[in-house]
Amino acid sequence: MGRRGEGEERKISSRGKVQSSGSKKNLRFDLHVHSSCSDGRDGVEEILEAAVAKKLDGIAITDHDSLEGTFEAERIVRDKKLNLLVIRGVEVSTADGHLLALGIRELPPRGRSPEETIEFVHQRGGIAIVSHPYHLFRHAMFRIPPCDAVEVYNSKYIFGIANWWAKKKAERLGLPMVAGSDAHMAKTVGLGVTIVEVEDDGGNDGGVVSAVLEAIRAGRVEIDGTKTSPAVFVGQTVRWVKRQLRPRPKR
Ligand SMILES: [Zn+2]
Ligand SMILES: [Zn+2]
C-alpha cells in the first residue's frame, strides 16, 4: 500500500470545473479503449473514426499487454490526417491487476508488481493510471499503489459501487481522477471522457501529448462520463452476466 497520507493536501481539481481561460484549452479524451489487437471487437481504424465522429480531441488505445494498436493508431492518424491526438497506451496485467500506462513506447513486462510496473513507466516518461480498481471479475486491483491517477469512472460498470469506491479512495489519497470507456467496440468509444486542461499549444503534436500527460499528472482534469444512454449499459450488463454464467478458459 502506498503511503496513505501522501499528497493529501493536494488540490483535487477533478472535483471542480476545468475552465478554459487565456492561453488554456480543454481537450476531450477517451483514455481507455481496446481494439482487435487484443480482445476488442473492432479494428483501430473504425475506433478512430468513431472517436472523430464523437468529437473527441484524442484517444488512447490501451490493448491488453500490447502496444500494437496504439502504434497502428499513430500511423492511421498520420496517413489519413485525422484531427485526433493519439496518446500511446497499454493496459498492463500486473501481478495485482490492471494498470493503464500512457505515453510510453516500450511495453512493460506483465506479471510484475504494480510498484515495479509504475517505476518502469515513469522511467520512460509515461504516467500510470489504476484502471477500474475494486471492480469484481475484472482483473482489478483492490488497492491503490502510488500512481499518477485513478480511473474512477469506467463506463462498463456503472451499476456497482466500484466507481464510487474508487473515487472515495482517490479523493482520500489526493490523486487525480480520470474516466475511461473501456470500450471493446467502436460504438462505445467516448462513453467515458476525461477533459484535460492544457496550455494552448500552437506547437506540434508531440508537445501537446506531453502537455496532456503533465496535465493529468497535475490533476488538471475533469470527468465527463455521465451522459450515457442507459440502454447501452443495460445491454452491456446483460452480456456481462451471460458471459459470467458461461464456463470460459482463464485468461
Ligand atoms: Zn482492465
Ligand atoms: Zn480495459
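Of the 65 residues in the largest nonpolar core, Ile129 and Val150 touch the most other members. A nonpolar core here is a set of buried Ala, Val, Leu, Ile, Met, Phe, Trp, Tyr and Cys residues joined through C-beta atoms within 7 Å. "Buried" means that 20 or more other C-beta atoms lie within 10 Å of a residue's own, with C-beta atoms placed from the backbone. Helix H5 (residues 205–218) gives the most to this core, with six residues.

This is a predicted model, in which local features need pLDDT of at least 70 and side-chain atom pairs count only at pLDDT 80 or more, while totals for chains, interfaces and linings use all residues. Residues are numbered from 1 along each chain as its sequence is written, and chains are lettered from A and ligands numbered from 1 in the order in which they are written.

**The sheet**

Let's turn to the strands. Helices (H or I, at least four residues) and strands (E, at least two) are DSSP runs, numbered from the N terminus. Five strands form an open sheet in the order E4-E5-E6-E7-E8, with mixed pairing; two strands pair if DSSP finds at least two bridges between them. E4 and E8 are the edge strands, each pairing on one side only. Two of the pairings look like this:

| Strands | Sense | Bridges | One facing pair |
|---|---|---|---|
| E4 and E5 | antiparallel | six | Thr94 and Gly97 |
| E7 and E8 | parallel | four | Val150 and Met177 |

Strand E8 (residues 177–180) is covered on both faces: Met177 and Ala179 are buried on one side, Val178 and Gly180 on the other. In a regular strand the side chains alternate between the two faces of the sheet.

**The helices**

Which residues of helix H3 (residues 114–123) are buried? They are Pro114, Thr117, Ile118 and Val121. Seen down the axis of H3, these fall within an arc of 100°, so they line one face of the helix; the arc is that of the directions from the helix axis to the C-beta atoms. They pack against E4, E5 and E6, where contact means C-beta atoms within 7 Å. Just after H3, Gly125 takes a positive phi of about 80°.

Strand E7 (residues 149–154), helix H4 (residues 162–173) and E8 make a right-handed β-α-β unit. Right-handed means that, with the strands pointing away from the viewer, the path from the first strand over the helix to the second runs clockwise.

Terms used: Buried ≥ 20, exposed ≤ 12 C-beta atoms within 10 Å, placed from the backbone. Contact = placed C-beta atoms within 7 Å.
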